[in-house]
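Have a go at each task before you read its solution.

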Amino acid sequence: MTPGQCFINAENFVGKLIVRVFCLIGLLAAVPVVAESVDTKLLGMLRDNGSITPEQYAELSADLSREQRAVAREQVDKTEFVEMQQKMAWVANTVISGDMRARQEHVTIQHSAVDSVDRQRIRARLGVVSQVNETVEAGIRLATGDNNNSRSTNQNLDNYFAKKDVWLDRAYINWHPTATPGLKLLAGRMAQPWVSMGDVIWDGDINVEGAAGAYSRKFGDTELFGSAGAFTLKDNVNGDGNEFNNDLRLQSAQLGTRFFPGDRFKATLGSSVYHYANDTDALALGVFGNTTTQFQLYEGFGQLDVLGLPVPLTLYGQYVENSAANGSESDKDAAWLVGFSTRIWEIGVNYNYRKVERNSVVSIFTDSDFAAGFTASRGSKIQLTYNIARNFSLQTTYMPAVSNTLGQQAGSEVNVLMIDLMASF
């Protein structure tokens with residue numbers, strides 16, 4: 001349609017006005033919009049040649065301005081959305097997890113000034129792990145605790161509803177370079193980088209501080225794994241200055257393998273060494289039963305998973321010896337643990353028996369619940385777990401033990417019962 005055709009046969013003013021409006025719409029649709037100034041100029045030309053009245057020009061100009069602002073807002077919204085996506089990309093690469101435990105605990109210690117303890121305790125942990133790029137992740141975890149004891153994150157429900165403390169439980173960087181698949185290099189305050197088959201040497205709540213590397217690689221059905229680490233326990237422990245060689249340090253190394261010795265078995269075997277440097281001056285290491293002042297721990301451990309049975313069955317154990325033990329009871333330098341785990345109906349069953357001689361392990365790091373956390377003890381650990389619902393379970397742990405710890409009569413019974421309600425996310 002041409003401008004001339006628009007005004008042919010228009011016999012009155014109303015007719016002309018209607019025709020001109022439709023002509024304008026046709027013209028605007030037919031002319032490509034290349035810039036804001038083109039639309040504005042076109043409306044001005046139509047007004048100047050009398051095709052539209054000043055009122056129509058004002059109305060159409062207002063409509064055009066609204067449309068242009070809407071387009072501009074859409075473009076800004078898209079830009080802001082893209083920028084926000086870029087800023088919030090870390091969310092897609094971040095995992096938040098945690099758990100909450102409520103515990104009823106009963107402890108009896110024979111021949112002790114405090115022969116029985118009943119208490120309610122809680123544990124709460126919240127962790128964040130973020131993949132900051134293709135090869136690096138960073139993790140932070142907060143946890144409760146009555147104090148900064150490395151072996152416990154429990155809080156007693158006590159003291160007139162007073163608020164509970166929260167501690168920095170983990171803070172680490174994990175670099176796994178793509179050039180070496182299976183390698184992890186860690187620094188900071190981290191989970192134990194080694195494999196544990198029991199808690200004779202290390203309480204499960206302990207996180208170590210320093211630097212470590214862990215590596216695993218599969219060759220068919222066989223996997224090799226290992227780790228090594230250097231950790232600082234106490235700066236300037238001997239008081240001779242702040243040089244590194246005056247620190248109480250721990251060096252660790254571990255090597256192990258997982259393999260299938262037959263169609264019905266899967267086995268794990270490994271060995272570890274834990275060397276303490278400058279431990280002669282570190283009397284704090286042995287406050288829960290040790291009489292030695294030196295530690296060089298050698299560990300052997302194993303696990304056998306039996307396959308194809310009506311119920312799952314795992315056998316496990318560990319043996320450790322302190323080759324550097326000195327003092328009056330240096331001959332009491334070995335510890336061992338054997339146990340099994342299975343599931344009967346909906347109940348998980350875990351049982352082990354252990355003997356921990358006085359100087360076999362570092363007493364401030366051994367399991368804090370068994371025999372009240374002291375060495376020179378022996379006994380059983382029986383654990384039953386029932387999954388009430390997804391991520392929600394009830395666990396009962398009973399540990400009858402006999403202890404010869406310092407300050408107690410030889411052969412004293414130490415019995416611990418814990419009932420836990422646990423939720424995780």
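**Exercise 1. Find the salt-bridge partner of Asp-199, and work out which parts of the chain the pair ties together.**

Solution. 
- Step 1: Asp-199 pairs with Arg-354 in a salt bridge, and their closest N and O atoms are 2.7 Å apart. The term stands for a side-chain nitrogen of Lys or Arg within 4 Å of a carboxyl oxygen of Asp or Glu.
- Step 2: Asp-199 sits in the loop between strand 6 and strand 7, while Arg-354 belongs to strand 14, so the bridge ties together parts that are 155 residues apart in sequence. Strands (E, at least two residues) and helices (H or I, at least four) are DSSP runs, numbered from the N terminus.
- Step 3: Asp-199 is buried, at 14% relative accessible area, and Arg-354 is buried as well, at 1%. Here buried means under 20% relative accessible area, exposed means over 50%, and partly exposed is in between (1.4 Å probe, protein chains only).

A word on the ground rules before you go on. This is a predicted model, in which local features need pLDDT of at least 70 and side-chain atom pairs count only at pLDDT 80 or more, while totals for chains, interfaces and linings use all residues. Residues are numbered from 1 along each chain as its sequence is written, and side-chain values use heavy atoms, with hydrogens and water left out.

**Exercise 2. Compare the salt bridges of Asp-99 and Glu-105.**

Solution. 
- Step 1: Asp-99 bridges to Arg-123, with 3.3 Å between the closest N and O atoms. This pair links distant parts of the chain, since Asp-99 is in strand 1 (residues 94-109) and Arg-123 in strand 2 (residues 116-131), 24 residues apart.
- Step 2: Both ends are buried: Asp-99 has a relative accessible area of 14% and Arg-123 one of 10%.
- Step 3: Glu-105 bridges to Arg-119, and here the closest N and O atoms are 2.7 Å apart. With Glu-105 in strand 1 and Arg-119 in strand 2, the pair ties together parts that are 14 residues apart in sequence.
- Step 4: Glu-105 is buried at 2%, whereas Arg-119 is partly exposed at 26%.

**Exercise 3. Which residues have the most contacts inside the largest nonpolar core?**

Solution. 
- Step 1: A nonpolar core is a set of buried Ala, Val, Leu, Ile, Met, Phe, Trp, Tyr and Cys residues joined through side-chain atoms within 4.5 Å.
- Step 2: The largest one has 29 residues, and Trp-202, Tyr-274, Tyr-276, Leu-285 and Phe-365 have the most contacts inside it.
- Step 3: Among the strands that each supply at least two residues of this core are strand 9 (248-262) and strand 10 (265-277).
- Step 4: Apart from it lies another core of nine residues, including Val-107, Phe-370, Ala-401 and Met-418.
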